[in-house]
Amino acid sequence: MRGDLCEGIVTINIEKGSQRAVSLNQKSQFGKLSQDSLELSIIEACYLMESGRLDIYENNEKCEISYIINLIKDQDIYGKYLVYKDLKNRGYIIKTGFKYGSEFRLYERGTGSGHAHSDFLVKVLYETSEVNVLDFASYVRVSHGVNKRLLLAVVDDDLDVTYYNIEWTRP
């Protein structure tokens, strides 16, 4: 399948008689579907490209995976991509979490946006990051306020991801 990269968004045109792009959205919850196309974030597109399900073109030239990875690194979202990839490989449905001040909303396997509420908000941090305690408290407070659990995804220097389930408790 072909996707065209423009300004950080990869667009797959929905061809008459083909439901592949529609299926990516409806069955696997990738991207944002419109009447004639499916728009993917660069992270979603990179994941699909790495798994052999998408070819990405920019200005009608086929991109190499190394080029797409470098774009992600240049945008300083490589850690976010690693977390996305790991969670997707585990079978989770992943949507953006911007509305909640997190990187992702995480849905249990077999559910998804429109079918159920997300269970987790995922906040991506680096092992070397300094986190202000007030910011950390706000992450917890927001997740608790919207009836979701906070999952901290910490990317270490070896690019391994460790997850911490953060819960709100009252003393």
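Predicted model: local features only at pLDDT ≥ 70, side-chain atom pairs only at ≥ 80, totals over all residues.
## Basis of the model

Residues are numbered from 1 along each chain as its sequence is written. Local features need pLDDT of at least 70 and side-chain atom pairs pLDDT 80 or more, while totals for chains, interfaces and linings use all residues, and side-chain values rest on heavy atoms, without hydrogens or water.

## Helices α2 and α3

Helix α2 (residues 42-50) packs with helix α3 (residues 65-74) at about 155°, the axes being 10 Å apart. The pair is therefore roughly antiparallel (an angle over 145 degrees). Their crossing is left-handed. Contacts (heavy atoms within 4.5 Å) join I42, I43, C46, M49 and E50 of α2 to I65, I68, I69 and I72 of α3.

## Helices α2 and α4

The axes of α2 and α4 come within 10 Å and cross at roughly 55°. The crossing is right-handed. On the α2 side the contact involves I43, E44, C46, Y47 and E50, and on the α4 side K80, Y81, Y84, K85, K88 and N89.

## The setting of K80

K80 lies in helix α4 (residues 78-89). This lysine is buried (under 20% relative accessible area with a 1.4 Å probe, protein chains only). K80 has no salt bridge (a side-chain nitrogen of Lys or Arg within 4 Å of a carboxyl oxygen of Asp or Glu). The nearest side chain of opposite charge, E103, is 6.0 Å away.

Leaving aside residues up to four places away in sequence, K80 touches I43, F98, E103, F104, V124 and Y126.

Note on methods
Helix = DSSP H or I, 4+ residues; strand = E, 2+ residues; numbered from the N terminus. Buried < 20%, exposed > 50% of the residue type's maximum accessible area, 1.4 Å probe, protein only. Lys, Arg positive; Asp, Glu negative; His and termini not counted. Axes fitted to C-alpha atoms, helices over the stretch in contact; angles between N-to-C directions. Parallel < 35°, antiparallel > 145°, perpendicular 65-115°, else oblique. Left-handed = near helix turned anticlockwise from the far one by under 90°.
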